[in-house]
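Here is a short briefing on side-chain contacts. Have the sequence and coordinates open while reading.

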Amino acid sequence: RMFLFYIMLYLSMTYLCAFNMKHPKRLLSRTSLQSLTNSDLEQIKNIMLLSEERTKKEIILSEERTQRLLNKNVETLSRKISDLSEESVREKVAELNGVLWAESYLIESVEDIVTFIYPLIQQMQATTTSKVDSESDSALKLKYSILLAQELQPFLVQYMGKVTDHLRNYARESQDDKLFNILSNVEQDDSCKLLGTLIGAVKNETWRRKLIRLKEACHLINKKDPSDDELAALTSTSGPGVLLACGVAQASKTSSIKQHFGNPFQNLSDPFIELNDEIEVDHGGKCTFLDGVAHISVGEMKSSSAGIQEARKQIARALTVYEWAFQTIATTQWHKRYQFVMEGNIFIPKVAKRGQDKMIFVDSNGISYFTVYI
């Protein structure tokens, strides 16, 4: 019986303590203030402070959850508005220039470059006295892709050198001893082995992706008279063909590569960031050949005037590569260069209009940019 009595007493006290923790004001209402000791008052004060702190934390957590939910809803709404705006602009561009012109175009390989300019080559042959190839379209596209790969292959060693110099400087500045030792100890002549080791060592995903592309064609570095099958590593989507084409095309606009040490990458400060392994334009545009002049136009969409400078860079990147590819094929096949007219159209929703409806700008490369509020 005594045992049961003590059990009941213990449970009663536990309940009372728990009740008083949750309802300290009721404890005060049932207890005479004169009978409370300083220790009791301190305990009640602490209970009330804990209760107040817990309430504050719950309010803060609730506000944070509400803010996160609000941010998520704003992001979703902004994305939907952007999609609707892009769709609206693309429909209007299609009305102006045609559906095919308005479609986006992604360059992932040298073959994609040739595919875009191939109609230009066909029109050029049809309107000049140049010898017309009798091969099928697919065979000719492959032929021209290999031709461009042959032009790019000698520059592999220069790009490889620029990459290793950049990584060596980075390793020295960041005190990355592991990376520096790799670049110092691995045989530089064995490019494939060096690239394989670097891919496993670097942490930057952009660097790693482009090193993997470079390794795809490492067997072509300093290779003399490579076969068409070997050159396929430069024409495919997994190789470094677009990277090299960007560098060579940019250099060809500013100087004669062969007269300046044969290195189109010498002025690059960062061979990973400054050269793209893919090129995308919002509006693929079209190419035409008329009266001995080649014309190419492409387009970019931006949500406001703040994106005009970025749009010009994207347009220039694509048009410069197109021009280099066409002139390389023309001079190799028909020993002739042609006048080249390049046009970039930047489309901005009319709700973001500032100033004139249409603005024209011509850069140092001869590219004409038309900013159109549509």
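Are Phe326 and Phe340 buried or exposed? Both Phe326 and Phe340 are buried. The model is predicted.

**Aromatic pairs**
- Ten aromatic pairs occur in the structure.
- One of them joins Trp101 and Phe347 edge-to-face, at 6.1 Å centre to centre and 85° between the planes.
- Trp101 belongs to helix H4 (residues 99–102) and Phe347 to strand S5 (residues 339–348), so this pair ties together parts 246 residues apart in sequence.
- Trp101 counts as buried at 5% relative accessibility, and Phe347 is buried at 3% relative accessible area.
- Phe326 and Phe340 form a tilted pair, with 5.7 Å centre to centre and 50° between the planes.
- Phe326 lies in helix H13 (residues 308–334) and Phe340 in strand S5, so the pair ties together parts 14 residues apart in sequence.
- Phe289, Phe326, Tyr338 and Phe340 are linked into a cluster by ring pairs.

**Charges over rings**
- Arg312 places its charged end over the ring of Phe361, 4.1 Å from the ring's centre.
- Arg312 also lies over the face of Tyr369, 5.8 Å from the ring centre.

- Asp282 sits in the loop between strand S2 (279–281) and strand S3 (283–290).
- Asp282 is buried but has no salt bridge.
- Arg90 is the nearest side chain of opposite charge to Asp282, 4.8 Å away; a salt bridge needs a separation within 4 Å.
- Leaving out residues up to four places away in sequence, Asp282 touches Arg90, Ala102, Glu103, Ser104, Gly299, Glu300 and Met301.

Methods: Residues numbered from 1 in each chain as written. Predicted model: local features only at pLDDT ≥ 70, side-chain atom pairs only at ≥ 80, totals over all residues. Heavy atoms only, no water. Helix = DSSP H or I, 4+ residues; strand = E, 2+ residues; numbered from the N terminus. Buried < 20%, exposed > 50% of the residue type's maximum accessible area, 1.4 Å probe, protein only. Lys, Arg positive; Asp, Glu negative; His and termini not counted. Contact = heavy atoms within 4.5 Å. Phe/Tyr/Trp six-rings, centres within 6.5 Å; stacked < 30°, edge-to-face > 60°. Lys NZ or Arg CZ within 6 Å of the ring centre and 35° of its normal.
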